[in-house]
Amino acid sequence: MPKYEEIFENNLRWLEQKKGSDHSFFEKLAKDQHPEYLYIGCSDSRVTAEEMMGAEPGEIFVHRNIANLVNATDLNVMAVINYAVRYLGVKHVVVCGHYGCGGVKAAMQPKDMGILNPWLRNIRDVYRIHMQELDAITDEHKKYDRLVELNVQEQCVNVIKLASVQQEYIKSRFPTVHGWVFDMKTGKIIDLKLDFNKILKDIQKIYNLTDSAT
Ligand code: CO
């Protein structure tokens, strides 16, 4: 881990390296951004967005919070998605969870977590929706991993519930929504390949907001 002063030395080395491979790198960077990806991930320090995706500055619009939640009353994530979809025109929205997520683990404990209670309740609600499947898993680790995956799935559904996402999709067939899990034991990104037509089959009518767009 770099000492505080070393961060600025590292930064100088980094910018020289960037300029070395493209001398107008920062000139171009300062002009505008046209990221094709919106990445919504966990704040966990071990799950980096750009580095694990091999992406450069300017390529991914990022939002991170504890346990990668998309909550309709969180003005922060709502503003990020709206801006990314309506103004940046991102083509892909990725919700990326990770095995070993402390937020998901905490939500599995019957404990008062103070200010985290209302936040983690979103994950408890995911558990409630999928209780039948989760309660049938006897291995605690497997149950934990599955809740991480189902949390990603439900947060993807929360993205699809938004008017901005539905209306842009009708106009341009974008953005597409993807659910990923990062496995930090192997370093692999796993695409859950969620089939939203199947997942939303019975509930789409409830969340449809596209009338005003037609
Ligand atoms: Co986490």
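Tutor: Begin with accessibility: buried means under 20% relative accessible area, exposed over 50%, and partly exposed in between, with a 1.4 Å probe and protein chains only. D125, at 28% relative accessibility, counts as partly exposed. The model is predicted, so local features need pLDDT of at least 70 and side-chain atom pairs count only at pLDDT 80 or more, while totals for chains, interfaces and linings use all residues. Residues are numbered from 1 along each chain as its sequence is written, and side-chain values use heavy atoms, with hydrogens and water left out.

Student: What percentage of the residues of the protein count as buried?

Tutor: Of the 214 residues, 41% count as buried. The C-alpha atoms fill a box of roughly 55 × 50 × 30 Å, taken along the principal axes.

Student: How many helices and strands does the secondary structure come to?

Tutor: Helices (H or I, at least four residues) and strands (E, at least two) are DSSP runs, numbered from the N terminus. Here there are eleven helices and five strands.

Student: Which residues coordinate the cobalt ion?

Tutor: Donors are N, O and S atoms within 2.8 Å of the metal (3.2 Å for Na, K and Ca); water is not among the atoms, so sites may look incomplete. In this model the cobalt ion is coordinated by C42 through SG, H98 through NE2 and C101 through SG, at 2.0 to 2.3 Å. The spacing of these donor residues in sequence is C-x55-H-x2-C.

Student: Are C42 and C101 buried or exposed?

Tutor: C42 is buried, with a relative accessible area of 5%. C101 is buried as well, at 1%.

Student: How many salt bridges does the count come to?

Tutor: Side chains of opposite charge can pair when their charged atoms come close. The rule for a salt bridge is a side-chain nitrogen of Lys or Arg within 4 Å of a carboxyl oxygen of Asp or Glu, and by this rule the count is nine. One of them joins R46 and D44, at 2.7 Å from N to O. R46 is partly exposed at 48% relative accessibility, whereas D44 is buried at 14%.

Student: How far apart in helix α6 are D125 and R128?

Tutor: They are three residues apart in helix α6 (residues 116-129), and therefore separated by about one helical turn. R128 counts as exposed, at 55% relative accessibility.

Student: Which residues are linked with E133 in a network of salt bridges?

Tutor: The network links E133, R146 and E149. Between E133 and R146, the closest N and O atoms are 2.4 Å apart. E133 lies in helix α7 (residues 131-135) and R146 in helix α8, so the pair ties together parts that are 13 residues apart in sequence. E133 is partly exposed at 33% relative accessibility, and R146 is partly exposed at 23%.

Student: Which residues does K143 touch?

Tutor: Contact means heavy atoms within 4.5 Å. Not counting residues up to four places away in sequence, K143 touches M108, Y127, L134, D135 and I137. K143 lies in helix α8 (residues 140-160) and counts as buried, at 11% relative accessibility.

Student: Into which domains is the protein divided, and how much area do they bury between them?

Tutor: Domain bounds come from an automatic or database domain assignment. Domain 1 covers 1-31 and domain 2 covers 32-203, with their C-alpha centres 30 Å apart. The size of an interface is often given as the accessible area lost when the parts come together. Buried area is the accessible area (1.4 Å probe) that two parts lose on being put together, summed over both. Domain 1 and domain 2 bury about 360 Å² between them, 52% of it on carbon and sulfur atoms. On the side of domain 1, K18, L29 and K31 lose the most area to domain 2, together 73% of what that side buries.

Student: How many salt bridges are there between domain 1 and domain 2?

Tutor: The count is one. K18 also forms a salt bridge with E56, the closest N and O atoms being 2.5 Å apart.
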